[in-house]
Amino acid sequence: MKATLTIDDDVAEILEKRSRAENKPFEQVANEALRRGTSASNDPARLKEIMEEMEVQEYLRSTRH
């Protein structure tokens with residue numbers, strides 16, 4: 001399925017950085033993030049894991065400046 005959606009700038013930046021870091025296409029990284037996010041809605045432990053991952057990503061971004 002193809003869909004057009006607007007991604008907030010901060011989210012797009014995270015996805016673009018991950019795309020480059022993992023040497024994967026942007027679309028693949030975005031789909032993986034969506035899969036993780038949607039599967040977390042039924043799993044509080046997974047949600048905690050995602051939140052921790054986001055905190056790590058934020059910390060890494062802040063130390064690169």
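Okay, let's start with helix 3, residues 44–63: at 1.5 Å a residue, its 20 residues should span 28 Å, and the end C-alpha atoms sit 29 Å apart, which agrees. The expected span here is 1.5 Å times one less than the number of residues, and helices are DSSP runs of H or I, at least four residues, numbered from the N terminus.

Quick caveat: this is a predicted model, where local features need pLDDT of at least 70, side-chain atom pairs count only at pLDDT 80 or more, and totals for chains, interfaces and linings use all residues. Residues are numbered from 1 along each chain as its sequence is written, and side-chain values use heavy atoms, with hydrogens and water left out.

So which residues of helix 3 are buried? Arg 46, Ile 50 and Arg 61, where buried means under 20% relative accessible area, exposed over 50%, and partly exposed in between, with a 1.4 Å probe and protein chains only. Looking down the axis of helix 3, the buried residues fall within an arc of 60°, so they line one face; that arc is taken from the directions from the axis to the C-beta atoms.

On the other side of helix 3, you've got Pro 44, Ala 45, Lys 48, Glu 55 and Tyr 59, which are exposed.

Met 51 is in helix 3 too, and it counts as partly exposed because its relative accessibility is 43%.

Last stop, Leu 5, in the segment before helix 1 (9–22). Leu 5 counts as exposed because its relative accessibility is 58%. From Leu 5 to Ser 39 is 34 residues in sequence and 20 Å in space, C-alpha to C-alpha.

Definitions and conventions: Helix = DSSP H or I, 4+ residues; strand = E, 2+ residues; numbered from the N terminus.
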